[in-house]
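Let's take a walk through a protein together. Have a look at the model below, and then we'll go through some of its residues one by one.

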Amino acid sequence: MAIDLINPYDVAVAQFDEAADRLGLSQAMRAILRKPKRELTVNFPVRMDNGDVEMFTGYRVQHNINRGPAKGGIRFSPEVSLDEVRALAMWMTWKCAVVGIPFGGAKGGVICDPRKMSPGELERLTRRYATEISILIGPDSDIPAPDMNTNPQIMAWIMDTYSMHQGYSVPAVITGKPIGIGGSEGRMEATARGVMVVTREALLDKNMNPEECSVVIQGFGNVGSITARLLHDELGCTIVGLSDITGGVYNPRGIDVHRALRYSKEHGSLQGLPDTEPVSNAELLELPCDVLIPAALENQLTGQNAARVKTRLVIEAANGPTDPAADRILNDAGITVVPDILANAGGVTVSYFEWVQDLQRFFWAENEINDRLETIMKRSYRAVAHKAAEQEVNLRMGAYLLAVARVAEATELRGVYP
Ligand code: NAD
C-alpha cells in the first residue's frame with residue numbers, strides 16, 4: 001500500500017492496521033477502530049489588539065471512548081490540521097490503553113502562531129475556542145490537557161471559561177492546570193519523568209550503563225528540557241546535543257544542562273549557548289550518541305535520514321516522530337525504538353491523577369504522585385517488552401498489540417448500540 005508518509009493520520013492508521021492483522025481483528029472491529037468517533041471543526045472570530053477581527057480554525061477529535069472519557073491535549077500551531085489532530089487522537093486511545101488508565105483518546109488544536117500573538121490575543125483566542133468546543137468537553141466526557149505551545153496558563157483560561165458557563169468551578173474539565181486552581185504536583189515534569197523511567201528500563205535491557213551514555217534531545221520545551229535535566233541529574237547521563245525550533249547546539253564532552261535551561265529562558269532560544277557548537281536540527285538527529293530523544297514534533301526520523309542515525313536507542317518523547325519507513329530502517333539496523341504511546345505516557349498518567357484529585361477534592365503529595373507514576377511506567381514498559389519478546393516483534397508492535405487488544409475488548413464487551 002502506498003501511503004503519504006508526511007500525513008500523520010495515514011501513519012497512525014498504517015500502524016493500527018499492522019496490529020489489527022497480527023491480532024486477527026474482525027472486519028467490523030477494524031472498521032470501528034480505524035475511524036475517529038467524533039470530529040468537530042470550529043471557525044471563530046477573535047478581536048486582535050489593533051481592533052481588527054481575525055478568523056481562526058480549530059478542531060476537537062475524539063477517537064474512541066469505550067474505555068472511559070476522552071482525554072488528550074490541545075496544540076496551538078500553524079501546522080495543525082484535521083488529519084494531524086485525528087492521528088494524535090488515535091495515538092491517545094492506544095496510549096491510555098498501554099498504561100491501563102481508564103480514558104479514551106482525543107486531541108484538539110487551533111491553527112495559529114502563538115509566537116506572533118500578544119498575551120491578550122492568546123487569551124481571547126483560547127477562551128473563544130474553549131467556548132466553541134464546550135459542546136464536547138466536560139469532566140465526564142472529554143478532558144483536555146497541554147500539548148505543543150499550550151501551557152498551565154492556557155489550561156487555567158479554559159477551566160475558567162468552562163466554569164463561567166456552568167456557574168461554578170469545574171477543575172476536573174481540564175488537566176495540566178496551575179497548582180493553585182486544582183493542578184497536580186508533579187504534572188509539569190510528568191511526561192519527562194516517564195521518559196526517564198522507560199529510558200532507564202530500556203538501557204537495562206541493553207546492558208548499558210546510563211552514566212556512560214551520551215544523549216541527544218530534539219526540542220527544548222516542556223518535555224525536552226525537563227527530560228534533559230532528569231536524565232542528567234537522576235540517571236547521570238551526558239547530554240551532548242540539544243535543540244529548539246531555531247536550531248541545535250552540540251558538545252561531545254557534555255553540555256551543562258542547568259546552564260542551558262537558564263540560557264534558554266533568558267535568551268528565548270539555545271542559540272549561542274557557551275561551550276557548544278551550533279548544528280542544524282537535521283544534523284542534530286544524525287549526531288553520534290547512545291540515546292536519541294525526539295521531543296518536538298512528528299515525522300522527524302524518515303526514510304530519508306534514518307540510515308544516517310548513529311544511536312543505539314531512540315526514545316520517542318514526541319508523538320509520531322518516526323515514520324514507518326524509518327521504523328523499518330532503524331529496526332533492521334538493530335536500533336531499539338521505545339514508541340511514543342509508551343515513552344511519553346507519563347503526562348497522561350499524571351493528568352489522570354490530577355482528574356481523580358479534582359473529582360475527589362483531595363490532593364496527594366508529590367512523592368506519592370512520582371511513586372505511582374514510576375510504578376505504572378515501569379510496569380507498562382515491562383508488559384510491552386514481554387509482549388514484544390513473546391510475539392517476536394519490536395517494542396512498537398508490542399505496545400500496539402497490548403493496546404489495541406484492550407480497546408477491542410472494551411468495544412466488544414459494550415457491543416454495538418442499539
Ligand atoms: P512545547 O511547546 O513545550 O515544546 C516544543 C519544543 O519543540 C520547543 O522547544 C520548540 O522550540 C521545539 N520545536 C518546535 N518545532 C521544532 C522543529 N521544527 N525542530 C526542532 N525543534 C522544534 O511542547 P511539549 O509539550 O514539550 O511537546 C513536545 C512533544 O511532546 C509533542 O510531540 C507533544 O505532542 C509531545 N507530548 C507532550 C506531552 C506534554 O505533557 N506536554 C505529553 C505527551 C507528549
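**Starting at Asp 142**

Let's begin with Asp 142: leaving aside its neighbours within four places in sequence, this residue is in contact with Arg 60, Gln 62, Ala 70, Lys 71, Ala 106, Leu 136, Ile 137 and Val 173. Contact here means heavy atoms within 4.5 Å. Before going on, a word about what you're looking at: this is a predicted model, where local features need pLDDT of at least 70 and side-chain atom pairs count only at pLDDT 80 or more, while totals for chains, interfaces and linings use all residues. Residues are numbered from 1 along each chain as its sequence is written, and side-chain values use heavy atoms, with hydrogens and water left out.

Back to Asp 142, which sits in strand E5 (residues 142-146). Strands (E, at least two residues) and helices (H or I, at least four) are DSSP runs, numbered from the N terminus. Is Asp 142 buried or exposed? With 0% relative accessibility, Asp 142 counts as buried. Buried means under 20% relative accessible area, exposed means over 50%, and partly exposed is in between (1.4 Å probe, protein chains only). Two of the residues it touches are also polar partners: its side chain makes a polar contact of 2.6 Å with the side chain of Arg 60, and another of 2.9 Å with the side chain of Gln 62. A polar contact is a pair of N or O atoms within 3.5 Å; within protein, one must be able to donate a hydrogen and the other to accept it, and residues adjacent in sequence count only if both atoms are side-chain atoms.

Now for some helices. Tyr 162 lies in helix H5 (residues 152-166) and is buried at 11% relative accessibility. Not counting residues up to four places away in sequence, Tyr 162 touches Ser 134, Ile 137, Gly 138, Pro 139, Val 170 and Val 173. Val 85 belongs to helix H3 (residues 82-98) and is buried too, at 1%. Beyond four places in sequence, the residues that Val 85 touches include Tyr 59, Val 61 and Lys 107. In helix H6 (residues 190-205) you'll find Glu 201, buried with a relative accessible area of 4%.

Next, the ligand. How many residues surround the ligand? There are 22, and the closest are Asp 147, Thr 191, Asn 222, Ile 245 and Asn 319; a residue is near a molecule if one of its heavy atoms lies within 4 Å of it. A polar side-chain atom of Asp 147 lies 2.7 Å from an oxygen atom of the ligand. For Arg 75, an N or O atom in the side chain is 3.0 Å from a ligand oxygen, while Ala 296 has a polar backbone atom 3.1 Å from one. The protein covers 86% of the 830 Å² of accessible area that the ligand has on its own, with areas from the Shrake-Rupley method and a 1.4 Å probe.

Finally, the cysteines. The structure holds zero disulfides, a disulfide being a pair of cysteine sulfur atoms within 2.5 Å. Cys 213 is in none, and the nearest cysteine sulfur, that of Cys 237, is 5.8 Å away.
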